[in-house]
Amino acid sequence: MLDSLLAFGGLVLLRDSVECEGRSLLKALIKKSALRGEQIHVLGCEVSEEEFREGFGSDVNNRLVYHDLFKDPLNWLKPGEAVPEGPLGTLRALCRRTDPGPVTIALDSLSWLLFRLPCVTLCKTLHALSQPNVSPGANSLVEQVRVLGLLHEELHGPGPMGALNTLAHTEVTVSGKMGQTAASILYRRPQQRATYQTWWFSVLPDFSLDLHEKLPLYSELHPDPHTIQVDPTTDLTFNLHLSEKEREARDSLTLPFQFSSEKQQALLRRGPGQTTSHIFYEPDAFDDVDQEDPDDDLDI
């Protein structure tokens with residue numbers, strides 16, 4: 001499951017709730033990215049650096065760069081070092097580096113940022129963050145950038161949720177039932193149809209995943225051959241099909257708005273005693289008939 005979530009760049013949206021937290025899955029994705037040799041930048045807003053690093057090994061912590069907004073979110077301790085671009089602008093500048101290789105940016109959390117930044121500003125910054133970096137030089141190297149955003153969906157209305165869903169290449173909704181955790185994943189790939197998939201898993205203390213069950217992709221679902229098919233046309237008060245006799249009667253019926261050749265000849269033929277009608281028109285003084293501009297009296 002982790003490999004499919006980390007296969008492409010862009011924004012991966014992790015949506016959790018009060019019943020089921022998503023930070024454990026976020027840390028599992030961070031560990032997987034670090035073991036693949038990627039550089040990790042974490043924008044920590046809701047927990048301290050010590051708490052976030054807890055459970056990671058030295059191989060993961062060495063690749064993790066933690067940008068702490070938890071201790072001093074309003075920059076009161078260092079007022080002279082305030083950056084006008086905000087925390088996401090600072091993180092974007094840090095990710096413009098010269099060493100090659102992909103980078104993963106973890107935002108813990110997007111909800112914290114939504115309460116302090118306008119939604120439009122945050123969406124524009126997320127779009128800029130998820131764009132690939134191009135290394136300078138003759139042999140330009142495109143570096144894949146992946147943004148992992150944790151979002152507490154119960155705290156936000158449909159407007160911000162819809163805007164973030166539009167930006168996300170992958171949406172993961174974490175839910176729980178009877179002690180198990182499920183991840184409902186929506187994949188959006190360029191020039192491909194969106195697919196849905198559900199995984200049942202548990203996060204181990206070292207932030208590796210124990211997968212229990214994988215449900216098939218939504219596009220791969222097939223009807224059960226043992227399911228009894230019910231005909232919806234049974235027990236109707238009307239017929240959906242015509243018999244041969246009813247079809248012949250319908251075809252031979254002449255509708256009132258249909259003109260046959262016999263009916264046209266009967267209307268055009270002058271009957272006995274009928275006289276030709278004429279219309280006599282005498283223009284008055286206010287008539288202005290202009291053959292070149294017949295609509296002159298309409299003041300167009």
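Strands E9 (residues 180-187) and E10 (residues 195-203) run antiparallel and are joined by seven bridges. Within this pairing, Tyr187 stands opposite Thr195 in E10. Two strands count as paired if DSSP finds at least two bridges between them. Helices (H or I, at least four residues) and strands (E, at least two) are DSSP runs, numbered from the N terminus.

The model is predicted: local features need pLDDT of at least 70, side-chain atom pairs count only at pLDDT 80 or more, and totals for chains, interfaces and linings use all residues. Residues are numbered from 1 along each chain as its sequence is written, and side-chain values use heavy atoms, with hydrogens and water left out.

## Overall make-up

The protein has 10 helices and 11 strands. Of its 300 residues, 35% are buried. Buried means under 20% relative accessible area, exposed means over 50%, and partly exposed lies in between (1.4 Å probe, protein chains only). Take the contacts between residues at least 6 apart in sequence: 62% of them join residues at least 24 apart. A contact means heavy atoms within 4.5 Å.

## The sheet

Nine strands make up an open sheet with mixed pairing. Their order is E3-E2-E4-E7-E1-E8-E9-E10-E11. The edges are E3 (64-68) and E11 (209-214), each of which pairs on one side only. From one strand to the next, the twist averages 20°. Axes are lines fitted to C-alpha atoms, for helices over the stretch in contact, and angles run from 0 to 180 degrees between N-to-C directions.

E2 and E4 are parallel and share six bridges. E4 and E7 are also parallel, joined by five bridges. Thr104 takes part in both pairings: it is the bridge partner of Ile40, and its own partner in E7 is Arg146.

How many residues of E4 are buried? Six of its six are, and the strand is mostly covered. Both faces are covered. Val103, Ile105 and Leu107 are buried on one side, and Thr104, Ala106 and Asp108 on the other.

A cis peptide bond joins Asp108 to Ser109, with omega at about 15°. Ser109 is in the loop between E4 and helix H6 (110-114).

## Helices across the sheet

Helix H7 (residues 119-129) lies across E1, E4 and E7, at about 145° to E7.

## Aromatic cluster

A pair of aromatic rings is described by the distance of the centres and the angle of the planes. Rings of Phe, Tyr and Trp (its six-membered ring) pair if their centres lie within 6.5 Å; planes under 30 degrees apart count as stacked, over 60 as edge-to-face and the rest as tilted. The count comes to three aromatic pairs. Two of them are described here.

| Pair | Centre distance | Plane angle | Class |
|---|---|---|---|
| Phe52 and Phe56 | 6.3 Å | 65° | edge-to-face |
| Phe56 and Phe207 | 5.4 Å | 50° | tilted |

Phe56 lies in the loop between helix H3 (49-53) and helix H4 (58-61), and Phe207 in the loop between E10 and E11, so their pair ties together parts that are 151 residues apart in sequence. One aromatic cluster is formed by Phe52, Phe56, Tyr66 and Phe207.

Are these phenylalanines buried or exposed? Phe52 is buried, at 1% relative accessible area. Phe56 is buried at 10%, and Phe207 at 11%. Phe207 also has a positive phi, near 65°, in a residue other than glycine.

Lys27 lies over two of these rings. It is over the face of Phe52, 5.4 Å from the ring centre. Its charged end also sits over the ring of Phe56, 5.2 Å from the centre. A charge sits over a ring if NZ of Lys or CZ of Arg is within 6 Å of the ring centre and within 35 degrees of the ring normal.

## Cysteines

A disulfide is a covalent bond between the sulfur atoms of two cysteines. A search of the whole structure finds zero, taking a disulfide as a pair of cysteine sulfur atoms within 2.5 Å. For Cys119, the nearest cysteine sulfur is that of Cys123, 4.0 Å away. Cys119 is partly exposed, with a relative accessible area of 24%, whereas Cys20 is buried at 8%.
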